[in-house]
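Here is a friendly walk through one model, from its core to its charged pairs. Please keep the viewer open as you read.

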Amino acid sequence: MIHSKKLAQLARKLQRVKTAAAREDDDACCTTSPPVADKGHCAVYTADGRRFEVPLAYLGTTVFVELLRMSQEEFGFASDGRITLPCDAAVMEYVMCLLRRNASEEVERAFLSSVVMPCQNSGCAVPTVALHHQFAAVCS
């Protein structure tokens, strides 16, 4: 039989370990997404932090090659291994919509010019709100 003092010591030690583990969990980035993308997909993140699983076949498209190039210019190579694209979730949803509908390379280039051209003067890489409404209307 365990002595009551020993049992109390073990209980306190267990409580300290649980408290330390809870603090570590709070400090870690909590996401509901699995850390690894499904087979045949690549996880990318938008500038506003939203996660997208992109089919590997999309990564060779004109629009993704350019988004990845822009990402490298804007963010460099992240030490945490995340690929962050220089657009927000609304733009990324539109890009995914274009690719699901097998948009031509010409359409992809037109999209890219509409995204990059308005921002060249202001130094940003994200489309304006007016473009977001345009994108939503086309892909709805």
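The notes below cover the basis of the model, its core, its sheet and its salt bridges.

## Basis

This is a predicted model, in which local features need pLDDT of at least 70, side-chain atom pairs count only at pLDDT 80 or more, and totals for chains, interfaces and linings use all residues. Residues are numbered from 1 along each chain as its sequence is written, and side-chain values use heavy atoms, leaving out hydrogens and water.

## Nonpolar core

A nonpolar core is a set of buried Ala, Val, Leu, Ile, Met, Phe, Trp, Tyr and Cys residues joined through side-chain atoms within 4.5 Å. Buried means under 20% relative accessible area, exposed over 50%, and partly exposed in between (1.4 Å probe, protein chains only). The largest core has 22 residues, and Val 54, Val 63, Phe 64, Met 92, Val 95 and Phe 111 touch the most other members. Its largest share, 8 residues, comes from α3 (helices are DSSP runs of H or I, at least four residues; strands are runs of E, at least two; both are numbered from the N terminus).

## Sheet

Three strands form an open sheet in the order β2-β1-β3, with mixed pairing (strands pair if DSSP finds at least two bridges between them). β2 and β3 each have a single partner strand, so one side of each lacks a neighbour in the sheet.

## Salt bridges

The whole structure holds 5 salt bridges (a side-chain nitrogen of Lys or Arg within 4 Å of a carboxyl oxygen of Asp or Glu). Arg 69 pairs with Glu 66 at 2.3 Å and with Glu 73 at 2.1 Å, joining these residues into one network.
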